[in-house]
Amino acid sequence: MAQTAIKSPNDVVDFLVSQHEQIKSLFATAIAASGAAREHAFLDLRRLLAVHETAEEEIVHPRAKRKIRNGDIVVDTRLKEEREAKTVLQKLEKLDVDSEEFTRELKGLRDAVVDHATHEERDEFAKLGEQLDNDELETMGRAAKLAEAVAPTRPHAGVESQAANLVAGPFVAMLDRARDAIAGKG
Ligand SMILES: [Fe+2]
Ligand SMILES: [Fe+2]
């Protein structure tokens with residue numbers, strides 16, 4: 001069984017759980033910052049959320065729906081939470097990052113996303129890990145990593161502003177690009 005075997009670096013569950021930790025840390029950075037630094041952290045956060053949630057929606061949720069007990073209910077609840085987070089992100093994108101409303105909404109989103117991640121890890125990923133063998137978990141992990149094409153490592157000085165513009169579009173556009181990357185069109 002998968003849970004007793006040695007984990008692979010490409011294991012989809014390990015990969016997504018490590019992204020959960022990065023997401024939590026970017027929320028903390030964005031909440032603590034202000035002005036341009038907050039703008040920057042919020043952009044990094046949206047990019048990572050786009051990459052992460054798209055990988056889950058395209059690769060993990062459909063599989064979990066079929067494989068785990070009560071998969072329909074578990075996955076539909078997670079999808080509903082993901083849709084709610086998208087709505088809040090679209091609202092945040094229209095606000096001044098230094099406004100009180102932004103700070104309040106960002107903290108609310110953090111609480112919702114942390115709760116969502118806890119449910120995924122406990123109710124979905126752990127159970128999926130028990131149902132699938134290592135090869136399947138690795139294949140899914142490699143596919144999930146393709147979405148990262150949307151979130152390149154920070155560009156070199158000089159091309160920063162141009163590259164930042166390319167990836168600074170609205171959250172929904174980031175989701176589209178992450179989906180294309182997974183589908184091999186990125
Ligand atoms: Fe999710
Ligand atoms: Fe997640």
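What follows is a chat about the terms used for this model and the values behind them.

Guide: This is a predicted model, in which local features need pLDDT of at least 70 and side-chain atom pairs count only at pLDDT 80 or more, while totals for chains, interfaces and linings use all residues. Residues are numbered from 1 along each chain as its sequence is written, chains are lettered from A and ligands numbered from 1 in the order in which they are written, and side-chain values use heavy atoms, with hydrogens and water left out.

Visitor: How many helices and strands does the protein have?
Guide: Seven helices and zero strands, so the pattern along the sequence is α-α-α-α-α-α-α. Helices are DSSP runs of H or I with at least four residues, strands are runs of E with at least two, and both are numbered from the N terminus.

Visitor: What makes His 20 count as buried?
Guide: Its relative accessible area is 3%. Buried means under 20%, exposed over 50% and partly exposed in between, with a 1.4 Å probe and protein chains only, so at 3% His 20 is buried. Glu 56 comes out at 0%, so that residue is buried as well. Across the 186 residues of the protein, 41% count as buried.

Visitor: And why is Pro 62 called partly exposed?
Guide: Pro 62, in helix α2, has a relative accessible area of 32%. The C-alpha atoms of Pro 62 and Val 75 are separated by 8.0 Å, with the two residues 13 apart along the chain.

Visitor: How do you know which residues coordinate the iron ion (ligand 1)?
Guide: A donor is an N, O or S atom within 2.8 Å of the metal (3.2 Å for Na, K and Ca). Glu 53 (OE), Glu 56 (OE), Glu 82 (OE), His 116 (NE2) and Glu 120 (OE) are at 2.0 to 2.3 Å, so they qualify. In sequence these donor residues are spaced E-x2-E-x25-E-x33-H-x3-E. Glu 56 lies in helix α2 and Glu 120 in helix α4, so this pair ties together parts that are 64 residues apart in sequence. Both Glu 56 and Glu 120 are buried.

Visitor: Why is the site of the iron ion (ligand 2) called irregular?
Guide: The donors there are His 20 (NE2), His 52 (NE2), Glu 56 (OE) and Glu 120 (OE), at 2.0 to 2.1 Å. The angles among these four donor atoms run from 78 to 168°. Four donors count as tetrahedral if all angles lie between 85 and 135 degrees; four count as square planar and six as octahedral if opposite donors are over 155 degrees apart and all others between 65 and 115; anything else is irregular.

Visitor: How far apart are the two iron ions, and which residue coordinates both?
Guide: They are 3.3 Å apart, and Glu 56 coordinates both. His 20 lies in helix α1 and Glu 56 in helix α2, so that pair ties together parts 36 residues apart in sequence.

Visitor: What makes Phe 42 and Phe 102 an edge-to-face pair?
Guide: Their rings are 5.1 Å centre to centre, with 85° between the planes. Rings of Phe, Tyr and Trp (its six-membered ring) pair if their centres lie within 6.5 Å; planes under 30 degrees apart count as stacked, over 60 as edge-to-face and the rest as tilted. So 5.1 Å makes them a pair and 85° makes the pair edge-to-face. Phe 42 is in helix α2 and Phe 102 in helix α4, 60 residues apart, and both are buried. A search of the whole structure finds one aromatic pair.
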